[in-house]
Amino acid sequence: MTNLIHFFEQNRGFSYFSILLTIALLIFLVSWLIEPRRLINGIFFTFFLLMFAGWLTILVLATQLRTLRIVYVCLVLLFFLLIFLITAFSWLFCLWNAYFVWKYESHTLPNLLTLILGIGLIVVWVITLLGPAKYLPRWLNVLLTAAPTIAFYLVFLMYNYLVNSILYQFVPRHYNQDYLIVLGAGLINGERVTPLLAGRINRAIQFAQKQVDKGRKMPKIIMSGGRGGNEKISEAQAMMNYAISRGIKRDDLLLEDKSENTYQNMLYSKRVATKDFGSDKFKAKFFSNNYHIFRAAFYAKKVGLRANGVGSYTRFYFLPNAIIREFAGVFVMHKNRHAVVICLIVIFCIIQAILVATGSEKLQMM
């Protein structure tokens with residue numbers, strides 16, 4: 001401990017950097033714990049990670065331990081190699097995943113997203129290797145830089161979404177809830193829950209039982225889901241039937257059987273809970289698949305439902321396709337914001353292309 005204190009005393013710059021690192025961590029933790037349903041949490045976390053990487057690098061290089069330095073350099077090289085392989089062969093992973101989704105799931109457009117992305121990545125690699133830009137006039141090349149710039153922006157958004165989605169899996173559970181809301185999904189033969197939906201219900205039952213085991217009251221479980229056009233009963237009714245077969249008492253179940261989408265799941269379930277509780281001061285959690293709970297949390301926030309989600313297990317092969325679909329859903333939710341950014345990128349590239357075409361070299365920024 002004495003040596004460590006002496007090290008910090010001899011390296012004031014590093015000490016100040018350590019203080020900034022601590023502040024960055026506190027900013028992230030406070031923001032995330034107060035409201036984990038904000039996308040900016042991912043940016044705060046990434047900023048902290050970058051600062052921590054710099055802090056750790058300085059600390060390792062400042063030591064006189066040659067073995068430690070070699071191990072650290074090897075780990076850094078391995079990390080960048082992994083990033084390179086993921087980037088270079090992401091198209092192969094997408095096609096591999098698309099094969100399993102095609103084999104085990106329905107052949108709908110949402111289930112073909114990794115196939116479409118894989119083909120798109122192959123096209124990008126072919127264009128990059130052929131280098132057609134060298135045959136085009138400079139002003140057109142400047143104009144076309146809008147495409148990779150927008151792609152980089154989308155990649156950043158996807159990365160930030162993934163960070164937030166992973167962080168959301170670790171939101172504190174707090175086993176003191178009044179209501180557990182289970183989000184519906186499609187039914188088998190219009191009357192039986194699917195394995196995916198059963199997983200959500202089982203997760204809610206597990207949560208309720210753990211809360212009771214901790215000496216607290218049994219929460220009421222709200223089954224949320226309307227009746228589709230090809231369904232014999234509502235999803236909520238089928239979910240209730242399944243929960244009763246798992247030993248849950250009818251008095252501990254509430255039905256919300258009017259919703260047709262996640263937004264309505266949250267809105268109508270809030271109304272059911274408010275009516276049953278007598279006010280909107282209740283505590284609640286909602287349950288869906290782990291890939292879906294972060295986007296669902298946005299709808300909960302939108303309708304004023306103070307609830308965070310708990311995710312159920314999803315088969316690994318289904319996750320990439322589902323995550324892309326969820327990201328697209330979050331992107332559309334904030335489409336106006338993203339449209340402004342993309343338009344600014346395009347306008348900037350158009351102006352630069354005009355300047356190049358007219359020979360206004362002094363005004364060019366590209």
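These legends walk through a predicted model of one protein chain.

**Figure 1. The fold of the protein chain.** Let's start with the whole chain, whose residues are numbered from 1 along the sequence as written. Because the model is predicted, local features need pLDDT of at least 70 and side-chain atom pairs count only at pLDDT 80 or more, while totals for chains, interfaces and linings use all residues, and side-chain values use heavy atoms, with hydrogens and water left out. The chain holds 14 helices and 7 strands (DSSP runs, H or I of at least four residues for helices and E of at least two for strands, numbered from the N terminus). Its C-alpha trace spans about 75 × 65 × 40 Å along the principal axes.

Figure 2. Of the 366 residues, 39% are buried (under 20% relative accessible area; exposed is over 50% and partly exposed in between, with a 1.4 Å probe and protein chains only). The chain exposes about 21400 Å², and carbon and sulfur atoms supply 69% of that area (Shrake-Rupley method, 1.4 Å probe; for residues, only the protein chains shown count as cover).

**Figure 3. A nonpolar patch on the surface.** Here you can find Val71, Leu75, Leu78, Leu81, Phe84, Leu85, Phe89 and Leu92, which together have about 760 Å² of accessible area. Patch members have over 30% relative accessible area and no salt bridge, like charges being joined within 9 Å and nonpolar side chains (Val, Leu, Ile, Met, Phe, Trp, Tyr) within 5 Å; a salt bridge is a Lys or Arg side-chain nitrogen within 4 Å of an Asp or Glu carboxyl oxygen. Helix H4, residues 66–88, gives the most to this patch, with 6 residues.

**Figure 4. A closer look at leucine 85.** Leucine 85 sits in helix H4. With a relative accessible area of 37%, leucine 85 is partly exposed.
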